[in-house]
Structures are given as C-alpha cells and as structure tokens.
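Please look over the sequence and the structure first, and then read the points below.

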Amino acid sequence: MDGRVLVTGAAGFIGFHMVRRLLADGWIVSGIDNLNDYYDPGLKRDRLAQLEGHPAFQFQPLDLANRETMQTLFAGPHFDVVINLAAQAGVRHSLEAPHSYVDSNVVGFLNVLEGCRAQGVSHLLFASSSSVYGANNRLPYSVHDPVDHPLSLYAATKRAGELMAHSYAHLYGIPSTGLRFFTVYGPWGRPDMAYFSFTQKILTGQPIPVFNHGQMQRDFTYIDDIIEGVTRLIPHAPGAQNTWPEDPASSAAPFCIHNIGNHTPIALTDFIHTLEGCLGKSAQIEWLPMQDGDVVATYADVSPLQQSVGFAPDTPLHKGLQHFVNWYRQYYG
Ligand code: NAD
C-alpha cells in the first residue's frame with residue numbers, strides 16, 4: 001500500500017485512532033488539525049506525540065476554515081483518499097458558540113470539498129453524526145429515514161455537510177461516503193463527553209449530572225469498531241469491500257451514507273452501573289431534566305453497512321468501557 005491519505009482532525013479522538021490504523025495498514029498519511037482549545041489541547045498534543053516520528057506520517061497545524069492555507073495544501077502532493085474528521089463537535093456547546101460550528105463544519109468543509117475537486121481525489125469519506133436524525137423518533141434510525149428536523153445547530157451543520165458533499169459528488173463526480181457515527185467512546189477519548197466526565201467525577205467523589213432523569217438511551221460505539229468500519233469503507237484498503245450501494249436519493253452521484261453504531265441502545269442508568277463496575281466505585285447522581293438540543297434515544301440500523309462491507313460494530317459495553325478505564329487510570333495516573 002503506497003497511497004496517500006489526508007486525515008483532517010488528526011489530533012482529535014477519532015482522527016488519532018484513524019491515523020494510527022492507516023499507518024499500520026501501510027498508507028502515507030498527512031494529518032492536519034487546528035489544535036483548538038474546545039477541550040484540553042495538551043491531550044491533543046499527547047495524541048500527536050504517539051504518531052509523530054512515524055516515517056509515513058506528516059502533520060501540519062492548519063485551520064480548515066482558512067481558504068488560502070487549504071488551497072495551498074491541496075496544491076501540494078496528490079491525496080488518493082481524504083478522510084474529513086475535523087469539526088467543531090458537541091451538541092450542547094453549539095447552543096453557546098454557534099459561529100465556531102459554521103466556521104469549521106460548513107465553511108471549513110466547503111474548503112475540503114473544493115480541495116477534493118481541485119485534486120480529483122478518488123474518494124472522500126467524511127464524518128457526519130447520529131444527531132442528524134433529530135426529531136425522528138422511529139427506532140432504529142435508518143439511513144432512509146427523513147433527516148430534516150435537526151434539534152441543534154451541531155446537527156444542522158452535520159446535515160449541511162452531507163448535503164454539500166452530495167452536491168459535489170453529483171456535480172463533479174467525487175465519490176463520497178458520509179459516516180454517521182453514534183456516541184463513540186474509548187481510550188484517548190474526548191473529555192467533553194459524558195462517559196469521560198462521569199469517570200472523572202466518580203473517581204473524585206463528585207456528583208454526576210444525569211439529564212432527563214436517566215431516561216435517555218445511547219448507542220455507545222467502541223472506537224476500534226468505528227475505525228474498522230471506516231477502514232472497510234475505503235476502497236482498496238486491506239479487507240475493504242465497499243461496493244457503492246445505490247444512492248437512496250436516486251441520483252447518479254457516487255454518494256452513500258452509512259450509520260456506524262453498535263445497534264444496541266443502552267439506558268444511561270445501565271451505562272452508569274457498568275462504569276461503576278469497571279471503576280470499582282459507586283456514583284453519586286444528580287438527576288436533572290432534559291436539556292435543549294438533546295434527543296431521548298439513538299439506535300443505529302447498520303444492515304446497509306453489514307451488507308456493504310461485511311462488518312458491524314459489536315464490542316460489548318463492559319469490554320469497551322474497561323479498555324477506556326484502564327487507559328484513563330494509566331494516562332491520568
Ligand atoms: P474531536 O473534537 O476529538 O476531533 C476533532 C478535531 O478537529 C479536533 O482535534 C479539533 O482540534 C479539530 N478541528 C476542529 N475544527 C477545526 C478546524 N476548523 N480546522 C482544523 N481542525 C479542526 O472529535 P471526535 O470525537 O474525534 O470527532 C471526529 C468527527 O466525528 C467530528 O466530525 C465529529 O463531529 C464526528 N462525530 C463524533 C462522535 C463522537 O461520539 N465522538 C459522534 C458523531 C460524530
């Protein structure tokens with residue numbers, strides 16, 4: 001394998017794991033990230049430190065939203081594959097800092113699409129999110145469900161990204177795959193996510209805030225399963241079987257979208273019990289009402305993914321959480 005891949009958001013949680021897998025599979029990888037301070041930039045630098053020094057990895061601190069620097073990047077060596085994982089993530093934060101979501105997820109993603117067009121990349125894969133299902137309450141979420149009622153600006157920008165990618169696939173023939181990730185957890189994870197702050201708080205004896213009185217369900221998906229699913233969707237990657245399913249929108253564009261989730265929704269109360277078991281310590285819980293922007297349940301229908309690449313996430317929660325807790329104890333001492 002001597003293809004070249006661009007991974008945006010390479011210092012992020014999923015980006016870091018993606019780069020590590022691509023390097024192990026023999027790709028030449030260029031990573032970019034603006035290393036912003038939405039959460040601890042030290043954690044992002046520590047992730048990068050694990051990658052730097054690999055002879056096939058090159059990192060540049062670039063901002064997706066800067067049109068000129070992105071044009072310069074895409075005027076350089078040709079990328080066979082682009083994997084766009086950079087984004088301003090987080091549902092609740094999008095109510096507080098809306099502009100950063102449009103800057104990174106809409107303007108920044110447009111710069112990526114323009115770069116793919118300029119270079120004629122052979123495949124663009126881009127992160128979307130289960131949040132696009134919004135007010136849809138038919139479970140499990142199918143990629144054929146309507147997704148026109150987002151409940152947060154984050155979700156709206158992720159749906160905008162899907163629509164923008166579809167238009168570029170249609171207009172310029174850029175083969176594109178949208179990846180709707182479902183609540184991803186694991187080692188080197190994101191400190192702003194509930195499982196991470198629950199762990200911190202349980203270990204330090206602080207109460208954990210549980211919204212909607214614990215009556216929420218999430219399709220928690222282990223990071224290695226996410227990476228396996230994405231890897232198999234890259235044409236020509238080892239083990240890849242992606243066969244371009246028919247576009248549900250029935251256009252001729254080489255475009256598809258997949259759910260990548262564990263297809264096992266877990267109630268938050270059960271999640272907390274499992275985490276208590278992994279930590280060997282009980283949680284103190286502060287029950288709170290539902291928050292604006294949140295959805296009650298997420299649950300992925302992954303049958304198209306299974307049919308397309310012969311794989312669906314299946315790591316049991318207790319196993320994945322134990323890996324996370326082991327890493328957490330080691331990293332934070
Ligand atoms: P993350 O925040 O850890 O990673 C995103 C990275 O992108 C960060 O390192 C950040 O510094 C970088 N970034 C943000 N804006 C940028 C910009 N303008 N220019 C360059 N870099 C920028 O998040 P993650 O959990 O790794 O998420 C990766 C992708 O998956 C995101 O697109 C996110 O929306 C999506 N996603 C994640 C989850 C999840 O549960 N983790 C669920 C659904 C979707």
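A polar side-chain atom of lysine 44 sits 2.9 Å from an oxygen atom of the ligand, a polar contact being a pair of N or O atoms within 3.5 Å. The model is a predicted one, in which local features need pLDDT of at least 70 and side-chain atom pairs count only at pLDDT 80 or more, whereas totals for chains, interfaces and linings use all residues. Residues are numbered from 1 along each chain as its sequence is written, and side-chain values use heavy atoms, with hydrogens and water left out.

**Ligand surroundings**

- Lysine 158 also places a polar side-chain atom 2.8 Å from an oxygen atom of the ligand, while at valine 184 a polar backbone atom is 2.8 Å from a ligand oxygen.
- On its own the ligand has 820 Å² of accessible area, of which the protein covers 98% (areas come from the Shrake-Rupley method with a 1.4 Å probe).
- The ligand is surrounded by 28 residues, the closest being Asp33, Tyr39, Tyr154, Lys158 and Val184, where a residue is near if one of its heavy atoms lies within 4 Å.
- By class, this shell holds 15 nonpolar, 8 polar and 5 charged residues (Ala, Val, Leu, Ile, Met, Phe, Trp, Tyr, Cys and Pro count as nonpolar, Asp, Glu, Lys and Arg as charged, and the others, Gly among them, as polar).
- Helix 1, strand 5 (123-129) and helix 6 (153-172) each supply at least two residues of the shell, and strand 5 gives the most, with 3 residues (helices, H or I of at least four residues, and strands, E of at least two, are DSSP runs numbered from the N terminus).

**Helix packing**

- The axes of helix 1 (residues 13-24) and helix 2 (residues 41-51), which are lines fitted to C-alpha atoms over the stretch in contact, come within 10 Å and cross at roughly 5°.
- Helix 1 is therefore roughly parallel to helix 2, a term for angles under 35 degrees.
- Phe13, Phe16, Val19 and Arg20 of helix 1 make the contact with Arg47, Gln50 and Leu51 of helix 2 (heavy atoms within 4.5 Å).

**Backbone details**

- The peptide bond from leucine 139 to proline 140 is cis, with omega near -10°, and proline 140 is placed in the loop between strand 5 and helix 6.
- Leucine 35, although not a glycine, has a positive phi of about 50°.

Conventions
Axes are lines fitted to C-alpha atoms, for helices over the stretch in contact, and angles run from 0 to 180 degrees between N-to-C directions. Angles under 35 degrees count as roughly parallel, over 145 as roughly antiparallel, 65 to 115 as roughly perpendicular and the rest as oblique. A polar contact is a pair of N or O atoms within 3.5 Å; within protein, one must be able to donate a hydrogen and the other to accept it, and residues adjacent in sequence count only if both atoms are side-chain atoms.
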